[in-house]
Amino acid sequence: MRRRAMLGAAAAAVAVVVTEAGGADAAVAAGRETTTRYTGVFREGDPTTTAADVTAAYGITPASVMWFDSWASGRPFPVQQARELWRRGIMPHYTWEPWDTTLGANDPAQIHLADIIGGAWDDYIRARAREFAAVRQPILVRWGHEFNGNWYPWGIANNGADPSAYVRAYRHVHDLVEAAGAGNVQWVWAFNNGSSPAEAYNDPAGAYPGDAYVDWVGIDGYNWGFGPSWDPATDHWTSFDATFAAAYATARAVAPRRPVMLGEFASTEDGGDKARWLREMDTTLRSGAYPDLKLLTYFDVIKEEPWAPTSSPAALAAFTAWVHRRYMSGHGHDLARVAARYARSRHPAAR
């Protein structure tokens, strides 16, 4: 589906503990569950089947289910499946990728930002927008994610190292969807936790479309462990904090009036103790750290690494315990109201 070479070293070098304003230190010390969060899951396949499988595997109804589609597929948005998710209390989360998955990122026939800005895909965008609107319930649309990586054709590095091109393309897509009547879309602007290459032009802040175009700020990041395919001789094992602290601080600096999600995250088994990684993440989140981190979407697949919670009995037990925590019990219908509460608030951390 896609590949990214994670640059987690910068995040690992930053020791950031982000807590709620006003009484946060006491909350952390007491270990209180100070904020409601929401469980999201990605599995390959039909999103309604994913919802049922997650319930069977972990004994929960997720607040959201995510799936992917690429523009070149030409597939319509699955309106009936999205409605069925809503009937189950699950918010649909659609990752909408502007590329042809059969071509390389820099293939001359690939979709690039200039094509989008120039209107070559307007008819396709309008068709999907009408389908979004037909759901008649809020949906999350994560468009052009991980733009600060060099592995996708829409990445800044593959478009003249010009972050303004990404902004223009994002706004163009957003405005066409809005004009088609899909005001139910909640837009997710999502960056990778490390930029590749780590150059000034690739700072996510320079590609922010503005609050008028963004409802959620998303972060993608993984604990790759030892010997990932993109660096097979090196240990990249990083804790939850080391993976996300610096990126979370960036999200708060760029868009303090928007909630934060992990659009994709997971841990491998290679090079460390995955069950312990999950337990330490749970402890961190229960402490009240990362107060504006509301939705956490786990990448529940065996792919480049054994990401799935079922990769070992110990990991499965730790993951299941985490998703059953009271603070992770947020319902999909309430998740749909989170962004509006942030947009109205003058004090983003006080929710």
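R252 and D292 form a salt bridge in which the closest N and O atoms are 3.2 Å apart. R252 belongs to helix 8 (residues 240-254), while D292 sits in the loop between helix 9 (274-286) and strand 10 (293-299), so this pair ties together parts that are 40 residues apart in sequence. The model is a predicted one.

- Side chains of opposite charge can pair when their charged atoms come close.
- R252 counts as buried because its relative accessibility is 14%, and the cut-off for buried is under 20%.
- D292 is also buried, with a relative accessible area of 4%.

**Other salt bridges**

- The structure holds 15 salt bridges.
- D123 and R126 form one of them through their side chains, at 3.7 Å from N to O.
- These two residues are three apart in helix 6 (residues 122-135), so about one helical turn separates D123 from R126.
- An α-helix has 3.6 residues a turn, so residues three or four places apart point the same way.
- D123 counts as exposed because its relative accessibility is 61%, and the cut-off for exposed is over 50%.
- R126 is partly exposed, with a relative accessible area of 33%.
- R286 and D282 form another salt bridge, with the closest N and O atoms 3.3 Å apart.
- Both R286 and D282 lie in helix 9, four residues apart, which is about one turn of the helix.
- D282 has a relative accessibility of 5%, so this residue counts as buried.

- Strand 3 (residues 91-97) pairs with strand 4 in the parallel sense, over four bridges.
- In this pairing T95 stands opposite R142 of strand 4.
- Strand 4 also pairs with strand 5 (residues 185-192) in the parallel sense, over four bridges.
- Here R142 stands opposite V188 of strand 5.
- From strand 4 the chain passes through helix 7 (residues 163-179) to strand 5, a β-α-β crossover that is right-handed.

**Helix 4**

- Which residues of helix 4 (residues 79-87) are buried? They are V79, A82, L85 and W86.
- Viewed down the axis of helix 4, its buried residues fall within an arc of 120 degrees, so they line one face of the helix.
- The cover over these buried residues includes helix 3 (47-58), strand 2 (64-70), strand 3, helix 6 and helix 11 (332-344).
- After helix 4 comes G89, which has a positive phi, near 80 degrees.

How values were computed: Residues numbered from 1 in each chain as written. Predicted model: local features only at pLDDT ≥ 70, side-chain atom pairs only at ≥ 80, totals over all residues. Heavy atoms only, no water. Pairing = 2+ DSSP bridges. Right-handed = clockwise from strand over helix to strand, strands pointing away. Salt bridge = Lys/Arg side-chain N within 4 Å of Asp/Glu carboxyl O. Buried < 20%, exposed > 50% of the residue type's maximum accessible area, 1.4 Å probe, protein only. Arc of directions from axis to C-beta. Contact = heavy atoms within 4.5 Å.
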